[in-house]
Amino acid sequence: MKQEQVLLITGASSGIGKETALLAKQHNFKVYACARRTEQMQDLAQAGIEVLFLDLMIQESITQCVTTILQKEGRIDILINNAGYGLYGAIEDVPLDKAKEQFQINLFSLASLIQLVLPSMRAQKSGKIINVGSIAGKVWTPFGGWYHASKFALEGFSDCLRLELKPFGIDVVLIEPGGIKTDWGHIAAQNLQQISANGAYAQACMQTAKSMEQNYTDNMLSPPSLIAKTILKAILAKRPKTRYLIGFMAKPMLFVKRIFGDNIYDAIVARAWIRKW
């Protein structure tokens, strides 16, 4: 009988993470769903999923999470780095300690999890690391400088990691969602309003925040289940793609940038997000 594969997913209290955890459980993975808001994960526990507290801002919490799973299961076959958020605000306005927190969650804590699971993956000569990035790692939007920087960094990080781990039979996959109907946009808009409500960028930032709120209540956005199904596809594939570009406006935005160049892309995005510069 084939051994049940062990899967760890972060950011599983809502949205893409929760949908992915449930879908993976339905496909007979041993799922460990991790997040800070464990009170929002009782439905996962009822579905037979192991729920673990994980605070990605605290190294001890990261270490304890991985250690608990390895002690109980003896292996982690699949790591899905899904947790993340969007720090929006004019680059001049964002305090550098907040910018560092953005990189801590979106890159450095992710890297710490990878470092902790790799010894067991190398020992078994197999494994998959799924990093949930964003189309934001290839294109840009107004006042998202620190968020985009973290996602651009994740692109390069994942590419280098893929090269390093290939000799050990470990796959590295990058998921690049477009617009997904989750709380992400509302949180990013709130950050923007709080950080750049005053000063030189206030008017444009408030217009951008309003556009973000409107966009993330729009039914045109893709559902989280679309990304969950894409992640599952990558997990089940014998030879997964290195990247999966999926979701609302992901491919069109990248197409516009490639075909028309930076200046035309800037004009289109500024008009769409700020409405009036």
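The model is predicted: local features need pLDDT of at least 70, side-chain atom pairs count only at pLDDT 80 or more, and totals for chains, interfaces and linings use all residues. Residues are numbered from 1 along each chain as its sequence is written, and side-chain values use heavy atoms, leaving out hydrogens and water.

**Stop 1: helix H8**

Select residues 224–236, helix H8. Helices (H or I, at least four residues) and strands (E, at least two) are DSSP runs, numbered from the N terminus. H8 has 13 residues, and its first and last C-alpha atoms lie 19 Å apart, close to the expected 18 Å. The expected span of a helix is 1.5 Å times one less than its number of residues.

Now show side chains. Pro224, Ile227, Ala228, Thr230, Ile231, Leu232, Ala234 and Ile235 are buried. Buried means under 20% relative accessible area, exposed over 50%, and partly exposed in between (1.4 Å probe, protein chains only).

What covers them? The cover over the buried residues of H8 includes strands E1 (6–10), E4 (78–81), E5 (127–132), E6 (170–177) and E7 (243–246), along with helix H1 (15–26).

**Stop 2**

Move to H1. The end C-alpha atoms of its twelve residues are 17 Å apart, which agrees with the 16 Å they should span. Ile16, Gly17, Lys18, Thr20, Ala21, Leu23 and Ala24 are the buried residues of H1. Their cover includes E1, strand E2 (30–35), helix H2 (42–46), E4 and H8.

Most residues other than glycine have a negative phi. Asn28 sits in the loop between H1 and E2 and counts as exposed at 61% relative accessibility.

**Stop 3: Phe143**

Select Phe143 for another positive phi, about 65°. This residue lies in the loop between E5 and H5. Is Phe143 buried or exposed? At 12% relative accessibility, Phe143 counts as buried.

**Stop 4: the salt-bridge network**

Select Lys138, Glu155, Asp159, Arg162, Glu176 and Arg243, which are linked in a network of salt bridges. A salt bridge is a side-chain nitrogen of Lys or Arg within 4 Å of a carboxyl oxygen of Asp or Glu. The model has ten salt bridges by this rule.

Start with Glu155 and Lys138. Their closest N and O atoms are 3.5 Å apart. Glu155 lies in helix H5 (residues 145–165) and Lys138 in the loop between E5 and H5, so the pair ties together parts 17 residues apart in sequence. Glu155 and Lys138 are both buried.

Next, Arg162 and Asp159 meet in a salt bridge of 2.8 Å, N to O. These two are three residues apart in helix H5, separated by about one helical turn. Arg162 is partly exposed at 25% relative accessibility, and Asp159 is partly exposed at 23%.

Finish with Arg243 and Glu176, whose closest N and O atoms are 3.3 Å apart. This pair links distant parts of the chain: Arg243 is in strand E7 and Glu176 in strand E6, 67 residues apart. Arg243 counts as partly exposed at 23% relative accessibility, whereas Glu176 counts as buried at 1%.

**Stop 5: cysteines**

Select Cys160 and Cys205. Cys160 is partly exposed, with a relative accessible area of 46%. Cys205 is buried, at 0%. How many disulfides does the count give? The count is zero, a disulfide being a pair of cysteine sulfur atoms within 2.5 Å.

**Stop 6: helices H7 and H9**

Select H7 (residues 202–215) and H9 (residues 250–274). They pack at an angle of about 80°, with their axes 7 Å apart. Axes are lines fitted to C-alpha atoms, for helices over the stretch in contact, and angles run from 0 to 180 degrees between N-to-C directions. H7 and H9 are therefore roughly perpendicular to each other. Angles under 35 degrees count as roughly parallel, over 145 as roughly antiparallel, 65 to 115 as roughly perpendicular and the rest as oblique.

Ala204, Gln207, Thr208, Ser211 and Met212 of H7 make the contact with Ala272, Trp273 and Ile274 of H9. Contact means heavy atoms within 4.5 Å.

**Stop 7: Gly185**

End at Gly185, in helix H6 (residues 184–195). Gly185 is buried, with a relative accessible area of 0%. Not counting residues up to four places away in sequence, Gly185 touches Met212 and Tyr216.
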